[in-house]
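Reader: I am new to this structure and would like to learn how to read it. Could you take me through it step by step?

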Amino acid sequence: MSDAKSVGTKFETDVVGYVRGRDIEAQRIARSVPDCGDVAIGRNDFVAQLKARRDGKSPLSLGAWLKAAREQSIAYGKSNNLLKPPVPVLIVKNPRHSIGDSFVIMYLKDFIDGDTEVPDPTDS
């Protein structure tokens, strides 16, 4: 396993442990095609894409990462026969800080509405 992959796997495991430690369901999502995200939180409430940057200096690609989280949330919803996809979130490790100090990033509309709309491919 590559160093970057092991850092990511450890971060996923640590996030699941942190969430479960607060009596909230969480589990790592098995690798699949299409990608369905890294961690499911709650009862299909959230699907998280996790990013652990080792040095804190590598560039952040928040827009691309959050877009991927949305796509993964939709794929997760379809693969689990859900009526609507879970809310996509991006969890980014804050280097040299505890797991609880990680950043959770999401679309404002998902935060306000608590709902994920499947984007219309004809909208630009």
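Author: Gladly! Helices (H or I, at least four residues) and strands (E, at least two) are DSSP runs, numbered from the N terminus. This is a predicted model, where local features need pLDDT of at least 70, side-chain atom pairs count only at pLDDT 80 or more, and totals for chains, interfaces and linings use all residues. Residues are numbered from 1 along each chain as its sequence is written, and side-chain values use heavy atoms, with hydrogens and water left out.

Reader: In what order do the elements of the protein chain run from the N terminus?

Author: The order is α-β-β-β-α-β-β-α, which gives three helices and five strands.

Reader: What share of the residues counts as buried?

Author: Buried means under 20% relative accessible area (1.4 Å probe, protein chains only). Here 35% of the 124 residues of the protein chain are buried.

Reader: Which elements each supply at least two residues of the lining of the largest pocket?

Author: A pocket is an open set of points on a 1 Å grid over the protein atoms alone, where a 1.4 Å probe fits, with protein on both sides within 12 Å along at least five of seven lines; lining residues have an atom within 4 Å of a point. Helix H1 (3–20) and strand E3 (46–51) are the ones here, and H1 gives the most, with six residues.

Reader: Which residue lies over the face of Tyr 18?

Author: A charge sits over a ring if NZ of Lys or CZ of Arg is within 6 Å of the ring centre and within 35 degrees of the ring normal. In this model Arg 22 lies over Tyr 18, at 3.6 Å from the ring centre.

Conventions. Buried < 20%, exposed > 50% of the residue type's maximum accessible area, 1.4 Å probe, protein only.
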